[in-house]
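Here is a quick tour for anyone opening this structure for the first time. Have a look at it, then read on.

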Amino acid sequence: MKCGKPVPEMEEYCVDCKERKREFCQGRGVFLYNMQMKNSLLRYKYYGSREYGRYYAEEIFRHVGTQIKHWKPDVLVPVPMTRRKKRIRGFNQAEDLAEKIGELLQIPVAAGLAVKKKETKSQKKLNAAERMGNLKDAFVITESVQGLKILIVDDVYTTGSTIETLAGCLKESGAGEIYFVTLCIGQL
Ligand SMILES: [Zn+2]
């Protein structure tokens, strides 16, 4: 009901959403983050299969386009990466997805609205609290977001720490309701 993670029958919320208050109102991911999707994203992000972006965006549009329209976001904000990392990778996958989804939905994309100022340690080996601390102060909001309804876009949602932290920063800067959409979503 909240982050969109698959939960056992008769359950409405995943363990994480049950345990603590979320900064975002609601979010959805399209594919389960399984081995096939991990490999697909590896090819897209690191091995030159940039054309996958079109398919990913179309699938997001097909499966959750109606839901996104229902949320009525004013703007799409991709999860930023540092300039250094973007230079090394050649592109920011969240930005690529946001631009393509924005085109399909006719919603503007504000790629420079949130920037990532410092590199954070890999999140993989950290627990939820450590992840949030790791990310705190990494994001900077560069423009007025007063009252804006924002849809955060990213490739993967697992614990939600990244999106939670960015949503918190946006709200501190005065944003209204925050939603998110990701290509993949983790399983419990
Ligand atoms: Zn949840």
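Valine 115 touches Pro80, Ala138, Phe139, Val140 and Thr142, leaving aside residues up to four places away in sequence; touching, or contact, means heavy atoms within 4.5 Å. This valine 115 sits in strand 3 (residues 114-116). Helices (H or I, at least four residues) and strands (E, at least two) are DSSP runs, numbered from the N terminus. Buried is under 20% relative accessible area, exposed is over 50%, and partly exposed falls in between (1.4 Å probe, protein chains only). Glutamine 187 is 72 residues from valine 115 along the chain, and their C-alpha atoms are 28 Å apart.

A word on the basis: this is a predicted model, where local features need pLDDT of at least 70, side-chain atom pairs count only at pLDDT 80 or more, and totals for chains, interfaces and linings use all residues. Residues are numbered from 1 along each chain as its sequence is written, and side-chain values use heavy atoms, with hydrogens and water left out.

Now for helix 3, residues 52-71. Its axis and that of helix 2 (residues 35-46) come within 10 Å and cross at roughly 135°. Axes are lines fitted to C-alpha atoms, for helices over the stretch in contact, with angles from 0 to 180 degrees between N-to-C directions; under 35 degrees is roughly parallel, over 145 roughly antiparallel, 65 to 115 roughly perpendicular, and the rest oblique.

Helix 3 also bends by about 70° at valine 64, the bend being the angle between axes fitted to the seven residues ending there and the seven starting there. Its buried residues are Gly53, Tyr56, Ala57, Glu59, Ile60, Val64, Gly65, Ile68 and Trp71. Among the elements covering them are these:

| Element | Residues |
|---|---|
| Strand 1 | 26-32 |
| Helix 5 | 93-105 |
| Strand 5 | 150-157 |
| Strand 6 | 178-185 |

Helix 2 is part of that cover too. Just after helix 3, lysine 72 takes a positive phi of about 55°.

Last stop: the zinc ion. Which protein atoms are its donors? They are Cys3 (SG), Cys14 (SG) and Cys17 (SG), lying 2.3 Å from the zinc ion. Donors are N, O and S atoms within 2.8 Å of the metal (3.2 Å for Na, K and Ca); water is not among the atoms, so sites may look incomplete. In sequence, the donor residues follow the spacing C-x10-C-x2-C. Cysteine 3 and cysteine 14 are both buried.
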